[in-house]
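Please keep the structure in view while reading.

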Amino acid sequence: MKFYSTNNKNSKVSLEQAIFHSLPEDNGLYMPEFIPKCDNIFINSLGTLSFQEIAYEISKRLLHDEIEDEILKNIVDDAVNFPAPVIALEKNAYVLELFHGPSMAFKDFGARFMGRLMAYFLKNKKKKLNILVATSGDTGGAVAMGFYDVPDIRVTILYPSGKVSPVQEKQLTTLGKNITALEVDGTFDDCQRLVKQAFLDKELNEQLNLSSANSINISRLIPQTFYYFNAVAQLRAKSDERPVIFSVPSGNFGNLTAGLIAQRMGLPVSHFVASTNINDEVPQYLQSGKFIAYPSKHTLSNAMDVGNPSNFSRMLDLFDRDADKMSALISGYSFDDKETLSAIREMFDQNNYILCPHTAIAYLGLKEYLKEYPGQNAAGVFLSTAHPCKFPDVYDEDIKKQIVYPSQAGELSDKKKSAVLMDNDFGKLKSFLMN
Ligand SMILES: *Cc1c(COP(=O)(O)O)cnc(C)c1O
């Protein structure tokens, strides 16, 4: 499998090139040169397969001939080592829980797979890899834990001091070994600016083998297709044979793009819902056919505060830049913080289930779609992208008290924070990295 740039389908690279240089020079994004179709025998047998078996079958099709089967199997088994259960909550509303990994957010799938894939390609190289990443919270934790103790890779994470939640900060700052956290006296935007400057700095790039780990990397999208297949598998195992509607809480739209790829591979999905907070450029596009990027606005679901989603160019590519084609398969809805909070309240009062603020938006999106198009013979599934314990400040006291902290969170509380304080100053970052 080769990968082309969305800006030039003739410029193709290997998997190895696509993962270490995630941004093509023409500023497009990499996509697989074709989307392999699964046969009906495989689709019809989904209900009998385990998550790891499904993940291996899908990755083999998507990466085929780039990695030996046996090695790929080991990478998949190691990366996908926690479940993603589908749970029935209401008539026609299932939740797909993607937060059972080490950082308690769905980004674990992408980060763990990317880390292992990179380590495989680095094996016979002399130069160590330096991953540099800025985080507003969730990405950093997933990358830190996904790359922890992975050989030949050093990870440096910049996070804004005082602006990530306590659980998120612990995830970044308590690992040690090959993971270093830099606590920057500034905002997330400052962190991002520093990282960008580092990638443009000639001297730094000559000395260090620098790479990023953000969601534009194609190796993060590939493992995200696995859980869409596994969700349908679980419905089939429950004898729910209906086509599926997925509602995806979206920011940079990597998660939704992975779902679209799964559908193109033959997964029986009848519709997608692009659920966003008030950063609603994509729902607007689906309505009007016009895409207008805005500066991002701050919300309670802050991992989705994105004004110019990076994966939108992949979505355009999948639909030949045709807005009508895209809106035939995807509906978009956006919700504000007030609606987010009432959805959390409603779900708690009715089902005693606690939604994280991002997940609440996916739930609202599914409900809105089913209200607009009633009488669907389809199973509605909304994706839960993070565990509520990562966002304790969002909840009223009575709900907050009921949050059950999983073992991953319990283990963190005993660990000591270790972070390097850093001024918002590129010279300081550079000399830190050089030493
Ligand atoms: C990153 C993130 C999202 C958004 O995912 P995209 O793939 O960027 O659309 C949603 N929810 C949570 C909890 C996240 O961390």
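In what order do the 3 strands of the open sheet with antiparallel pairing stand?

## Basis of the description

The model is predicted, and local features are reported at pLDDT of at least 70, side-chain atom pairs at pLDDT 80 or more, while totals for chains, interfaces and linings use all residues. Residues are numbered from 1 along each chain as its sequence is written, and side-chain values use heavy atoms, with hydrogens and water left out.

## The antiparallel sheet

The order is β2-β1-β3, in an open sheet of 3 strands with antiparallel pairing; strands here are DSSP runs of E with at least two residues, helices are runs of H or I with at least four, and both are numbered from the N terminus. Two strands count as paired if DSSP finds at least two bridges between them. Because β2 (8-13) and β3 (30-32) stand at the edges with a single partner strand each, one side of each is left without a neighbour in the sheet. The twist averages 40 degrees from one strand to the next, where axes are lines fitted to C-alpha atoms, for helices over the stretch in contact, and angles run from 0 to 180 degrees between N-to-C directions.

Strand β1 (residues 3-5) runs antiparallel to β3 and is joined to it by 3 bridges, with Ser 5 standing opposite Tyr 30 of β3.

## A hairpin

Strands β4 (residues 86-90) and β5 (residues 93-97) pair in the antiparallel sense over 4 bridges, and Ala 88 stands opposite Tyr 94 in β5. The hairpin that they form has 2 residues between the strands, and Asn 92 takes a positive phi near 65 degrees there.

## The parallel sheet and its helices

A further open sheet consists of 5 strands in the order β9-β6-β7-β8-β14, with parallel pairing. Its edge strands, each pairing on one side only, are β9 (209-211) and β14 (420-422), and its twist averages 25 degrees from one strand to the next. Strand β8 (residues 179-184) pairs with β14 in the parallel sense over 3 bridges, and Glu 183 stands opposite Leu 421 in β14.

Helix α5 (residues 107-122) packs on this sheet, touching β6 (129-134), β7 (153-160) and β9, and its direction makes about 145 degrees with that of β7; contact means heavy atoms within 4.5 Å. Helix α19 (residues 426-434) also packs on the sheet, where it touches β6, β7, β8 and β14, and its direction makes about 150 degrees with that of β14.

## The ligand site

Of the 15 residues around the ligand, Lys 107, Asp 138, Gly 251, Asn 252 and Thr 385 come nearest, a residue being near if one of its heavy atoms lies within 4 Å. The shell divides into 6 nonpolar, 7 polar and 2 charged residues.

Oxygen atoms of the ligand lie 2.5 Å from a side-chain N or O atom of Lys 107, 2.8 Å from a backbone N or O atom of Gly 251 and 2.9 Å from a backbone N or O atom of Asn 255. Taken alone the ligand exposes 390 Å², of which the protein buries 96%, with accessible areas taken from the Shrake-Rupley method with a 1.4 Å probe.

Conventions
Polar contact = N/O pair within 3.5 Å; in protein donor to acceptor, adjacent residues only side chain to side chain. Nonpolar A, V, L, I, M, F, W, Y, C, P; charged D, E, K, R; others polar.
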